[in-house]
Amino acid sequence: MDISPEPPAPPLKTAKPASRIGDRIFLGLSRGSGVLLLVIMAAIAAFLTVRAASAISKDHGNFLTTFEWHANDTTPVFGIAVLAFGTVVSSLIAMLIAVPVAIGIALFITHYAPRKLAAPLSYVIDLLAAVPSIVYGLWGALFLVPHLTGLYTWLNDWFGWTGVLSYNGGAARSLLTIGILLAIMILPIVTSVSREVFRQVPRIHEEAALALGATRWEVIRMSVLPFGRSGVISASMLGLGRALGETMAVATVLSPSFLISKSLLDPGGGTFAQNIASSFKESGDMGKDALIASGLVLFVLTLLVNGAARLIIARRKEYTA
C-alpha cells in the first residue's frame, strides 16, 4: 500500500499590495492630500513672512517690546508686547478653568450618570460647540460683564492684597472676563474629546480593579485617567488653539488698550485676533502689513503649542502603549 504523503496544496494567490486600480488610486489620493496640506501650510507661512518682513523693516519701535500700535502713522511705531501678554494670559485662564471642569463632566457622563441622563447631557454639550462666536460675544457683553461685578468685588476684598486680583471699580471688561468667556467656549471641545477617550478604556481593566476591591474613584484614578491622558492632552490643545485664535467674542467684550496692568481685573489689554479684527478695516497698506506680522506671531505660537503637545505625548511611553 502506498503511504507516501499527499503533495501540499498550492498556496492561494493573493493580490500584491496596491496592485489593484482602486488601491493605487486611493494611495495616490492619500499621498496627494498629505503633500497638498504641507504645500498649503508652507504657502501660508511664506506669505505671512514676506509681508511681516516688509512691515518690521519699517517699524521705528521694537516689534517685540513696544507698548504702542501706531502702524498707520507717517512714522510707524508698533509692537506686540501687549497683544502677546493678553493672548497668552487669557488663554491660560481659560485652560485653568475649562480643562478640570471638562474632565469632570466627561467622567460623570461615562462612569456616573445613568444612561437616560448621559445621552441628553452629551447632546447638549456637543450642541454648545455649534454656537457662533458672535453669540458668545453678545452674551458676554450683555450678561456676563454686568454680573461679574460682584465676583470682582469679592475677589478684591479677599485677594486684592496680591495686586493681581485688585479691583478699582468700573465695567468688568478685563482679561479675567475674557478668560472666563473663552473657558465656556472651549468647554464643549475638551469635554467631547475627553468623553470619547474615556469610553475607549478596556472594560477588562475596570472589572479587574473592581474585582480587587477598588472603589469607583480608585478605578478612575488607576485605570481610566492613565489610559486617557494622551487624549486629554490632545483635547486640551484643541481647546487652547481655539482660545488663542478667538476673535469676535473677545472683540465684543474686551475694552482694548495698549497697557499691561498688574491686575487681571483692570479693564484693558488686547489679543492678536482681537486687534486684527478691530483694526484691519481702517488700516492702510502699512497697517495691514503690521497686522499680518502680528498674525505671523500667532501662527508660530499655535505651531509651537501643538508641537509641544506632540512632544509631551511622544516622550511618555505609557501614552503611546
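Q: Which residues line the largest pocket?
A: In this predicted model, the lining of the largest pocket consists of Ile 109, Thr 110, His 111, Tyr 112, Ala 113, Arg 203, Glu 206, Leu 210, Arg 216 and Val 219. The space in the pocket is about 170 Å³.

Q: Which helices each supply at least two residues of that lining?
A: Helix H2 (81-112), helix H7 (203-211) and helix H8 (216-245) do. H2 gives the largest share, four residues.

Q: How many residues of the lining are nonpolar, polar or charged?
A: Five are nonpolar, two polar and three charged.

Q: Take Glu 206. Is this residue buried or exposed?
A: Buried means under 20% relative accessible area. Glu 206 has 8% relative accessibility, so Glu 206 is buried. Glu 206 sits in helix H7. Leaving out residues up to four places away in sequence, Glu 206 touches His 111, Val 201, Val 219 and Val 224.

Q: What describes a pair of aromatic rings?
A: Two values do: the distance of the centres and the angle of the planes. This structure has six aromatic pairs. In one of them, Trp 69 and Phe 78, the centres are 5.3 Å apart and the planes at 55°, so the pair is tilted. Trp 69 and Phe 78 are both buried. Along with Phe 63 and Phe 258, Trp 69 and Phe 78 form one aromatic cluster.

Q: What are the distance and angle for Trp 139 and Phe 143?
A: The distance is 5.6 Å centre to centre, with 25° between the planes. That pair is stacked. Trp 139 and Phe 143 lie four residues apart in helix H4 (residues 133-147), so about one helical turn separates them.

Q: Where do their accessibilities fall, Trp 139 and Phe 143?
A: Trp 139 is partly exposed at 35% relative accessibility. Phe 143 is partly exposed at 40%.

Key:
Residues are numbered from 1 along each chain as its sequence is written. This is a predicted model: local features need pLDDT of at least 70, side-chain atom pairs count only at pLDDT 80 or more; totals for chains, interfaces and linings use all residues. Side-chain values use heavy atoms; hydrogens and water are left out. On a 1 Å grid over the protein atoms alone, a cavity is a set of points where a 1.4 Å probe fits but cannot get out, and a pocket is an open set with protein on both sides within 12 Å along at least five of seven lines; lining residues have an atom within 4 Å of a point. Grid points are joined across faces, edges and corners, and a volume is the space filled by probe spheres set on the points. Ala, Val, Leu, Ile, Met, Phe, Trp, Tyr, Cys and Pro count as nonpolar, Asp, Glu, Lys and Arg as charged, and the others, Gly among them, as polar. Buried means under 20% relative accessible area, exposed over 50%, partly exposed in between (1.4 Å probe, protein chains only). Contact means heavy atoms within 4.5 Å. Rings of Phe, Tyr and Trp (its six-membered ring) pair if their centres lie within 6.5 Å; planes under 30 degrees apart count as stacked, over 60 as edge-to-face and the rest as tilted.
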